[in-house]
Amino acid sequence: MIIGIDTFGCDHARSGLGTYMLSFSSAITQTDDVRFELFGSELDRFTYTSGRDIEFTSVPVADNLSSERTWHFTSANKFVHSRKYDVVLYSAPEKVLPICFKVPGIAVVNSVLSSMVEGRKDWIQKIQIKRGLYKVQKIIAASNFIKEDLVSHGIDGSKIEVVYNGIDHKLFFPQLQIDEETVDIKPFAIRRPYFIYGSRLSGPEKKHVELIKAFSAFKQKTGLPHRLVLCGSDGPYSAEVHKATFDSPFASDIFLTGYFPHESFPQLYAGSQGLIFPAVNEGVGLPVLEAMATGVPVACASSGALPEITGDAAMFFDPDNVQNLALVLEKLATEPLLCAGMIQKGLERAKMFNWETTVSQTVQVAKSVAGK
């Protein structure tokens, strides 16, 4: 069986979808009965296959979303048929997806459908997502929360399988050698202590502004030397986040790194006082698991898939309640026994997730679709 993997829409590994593709492809094992082949932009010929026994086929499409969507509407079926794939994984259906399938397809959904289509002006995206997801042969949802949201939009629940994302435990593990003063990750030298939040500045649902206000309230009350490190590339909500930072009386203690390489996060997590994850409607919440695996306490919003993913290993809060969030920051900074218990629970919880299991379960879904 040959499984084709569509890498279009993965932002050249510089986003959450790109991290998924990078991690998934790194865990692929070619066997006599199951072979994987990636296809996408020539720019990604070595992005996901470097050092791996995985074939990559370049598709001559301009490197922009409009051209990639047009190709998926008009030419994707002909291409995947010509490659003799038995089944195709569409890894970024949030951005690009055919609206009919001559070769059986599996859409891997790592985002919440409601947040992708409701209130958006991009009608092409809405048509592509809804028609494509209704017609695709199978959907892999990264959490039960995503599955339930898909069903609420009229998608047949019987064709949705839940397969959780994994963690790269070779990358994310407790690091004992951490400098007491700073975390030196070129080109940054970040003074400790600090809290960290890693997420693209994409919209109000990420709650960056609320976190900045809560951090300011925490600083005002405690006078502690902590900093807030916001890691994530700029997006449609960047102006609002930068303004909130500028308006804070503690702006000098708020550090926006911009895009931050995935492979550098373990050290950044390990040096932190804790990960704060206030995003709502989160479908995956992979950073909370990565932080747990690194051995730091995690506090996150009590919404979306986060309670499902973290179990009882995280501290929960209402991200719209600034005072509640400020109190959580204070607890992370001043209650070492509480944090030690959270760290131990987090390490145990993180062991449940790995990319080899994700790939194996995905292969089983692909075999069922292809009738193998």
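Is cysteine 100 buried, exposed or partly exposed? Cysteine 100 counts as partly exposed, because its relative accessibility is 37%. The cut-offs, for a 1.4 Å probe and protein chains only, are under 20% relative accessible area for buried, over 50% for exposed, and partly exposed in between.

## Basis

This is a predicted model, in which local features need pLDDT of at least 70, side-chain atom pairs count only at pLDDT 80 or more, and totals for chains, interfaces and linings use all residues. Residues are numbered from 1 along each chain as its sequence is written, and side-chain values use heavy atoms, with hydrogens and water left out.

## Cysteines

Cysteine 10 has 0% relative accessibility, so this residue counts as buried. The structure holds 0 disulfides. The criterion is a pair of cysteine sulfur atoms within 2.5 Å.

## Helix H7 against H12

Helix H7 spans residues 208-222, and helix H12 spans residues 322-334. Helices are DSSP runs of H or I with at least four residues, strands are runs of E with at least two, and both are numbered from the N terminus. H7 and H12 pack at an angle of about 60°, and their axes are 8 Å apart. H7 is therefore oblique to H12. Axes are lines fitted to C-alpha atoms, for helices over the stretch in contact, and angles run from 0 to 180 degrees between N-to-C directions. Under 35 degrees counts as roughly parallel, over 145 as roughly antiparallel, 65 to 115 as roughly perpendicular, and the rest as oblique.

H7 contributes Glu210, Leu211, Lys213, Ala214, Phe215, Ala217, Phe218, Lys221 and Thr222 to the contact (heavy atoms within 4.5 Å). From H12 come Val322, Gln323, Leu325, Ala326, Leu329, Glu330 and Ala333. The residues of this H7 contact with H12 divide into 10 nonpolar, 2 polar and 4 charged. Ala, Val, Leu, Ile, Met, Phe, Trp, Tyr, Cys and Pro count as nonpolar; Asp, Glu, Lys and Arg count as charged; the others, Gly among them, count as polar.

## Helix H7 against H8

H7 also packs with helix H8 (residues 238-247). Their angle is about 10°, and their axes are 9 Å apart. H7 and H8 are therefore roughly parallel to each other. His208, Val209 and Ile212 of H7 meet Glu240, Val241, Ala244 and Thr245 of H8. This contact divides into 4 nonpolar, 2 polar and 1 charged.

## Isoleucine 160

Isoleucine 160 lies in strand S7 (residues 160-162). Isoleucine 160 is buried, because its relative accessible area is 3%. Neighbours within four places in sequence aside, isoleucine 160 contacts Ile139, Ala141, Lys147, Leu150, Val151 and Ile155. Isoleucine 160 and valine 365 are 205 residues apart in sequence. In space, these two are 9.9 Å apart, C-alpha to C-alpha.
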